[in-house]
Amino acid sequence: MSTRWYPIYQKGNPQLRVFLPNFWMKLVRPYEKQQPNIVHFHCSMEMTKYDIKNYLEKIYNVPVVDVRTKIALGKFKKEIVKGYITKDEDVKVAYVTLPKTHKFEFPNIFEEKKSSEDDAKALEETKKTFKKFLEKNKDRTDVPSWFSI
């Protein structure tokens with residue numbers, strides 16, 4: 001499905017037509033703990049189960065066993081001061097089941113720091129240089145005595 005319309009005939013008949021779908025899918029971290037072969041997606045409302053299966057198999061070469069979808073309603077919000085109600089957009093959630101031999105692990109984009117030793121070294125070095133700075137500047141005459149640390 002596409003809303004991009006291309007003319008059938010162009011002068012000189014160049015066959016440069018690219019048909020792009022308006023479908024989109026977003027990988028989502030599941031709320032509850034799931035089996036390792038189930039993957040969650042948010043997708044466009046126009047996609048059917050068959051569209052989702054074909055999209056993943058043809059474009060990304062992912063073997064799909066089963067697709068289940070549901071429509072999650074958006075939240076209602078009431079603006080207290082202005083007195084009107086707004087609603088977030090509804091979202092179609094797709095639960096894609098992969099074969100049992102495939103396991104999906106959600107990627108860890110933001111890795112935690114594991115270099116606490118490096119941080120401790122840097123902190124000690126900073127303390128030493130600050131003490132040297134204080135020792136070097138404690139006898140300055142151009143700084144008022146009340147300004148000392």
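Touching, or contact, here means heavy atoms within 4.5 Å.

Quick note before we go on: this is a predicted model, where local features need pLDDT of at least 70, side-chain atom pairs count only at pLDDT 80 or more, and totals for chains, interfaces and linings use all residues. Residues are numbered from 1 along each chain as its sequence is written, and side-chain values use heavy atoms, with hydrogens and water left out.

So where does H40 sit? You'll find H40 in strand β2, residues 38-43. Strands here are DSSP runs of E with at least two residues, helices are runs of H or I with at least four, and both are numbered from the N terminus.

Is H40 buried or exposed? H40 counts as buried because its relative accessibility is 7%, and the cut-off for buried is under 20% relative accessible area, with exposed over 50% and partly exposed in between (1.4 Å probe, protein chains only).

Now, the partners of β2. Strand β1, residues 25-28, pairs with β2 in the antiparallel sense over four bridges; to count as a pair, two strands need at least two bridges found by DSSP. In that pairing, L27 has F41 of β2 as its bridge partner. Then there's strand β6, residues 91-97, which runs antiparallel to β2 and is joined to it by six bridges. Over there, V93 of β6 stands opposite H42.

Okay, next residue. K53 belongs to helix α1, residues 49-60. With a relative accessible area of 30%, K53 is partly exposed. What does K53 contact beyond its neighbours within four places in sequence? That would be V64, V65 and V67. Take V64: eleven residues separate it from K53 in sequence, and the C-alpha to C-alpha separation is 6.4 Å.

Let's zoom out to the whole chain. The protein chain has two helices and six strands, and along the sequence they come in the pattern β-β-α-β-β-β-β-α. Of the 149 residues in the chain, 15% are buried. Look at contacts between residues at least 6 apart in sequence, and 45% of them join residues at least 24 apart.

Over to you for questions!
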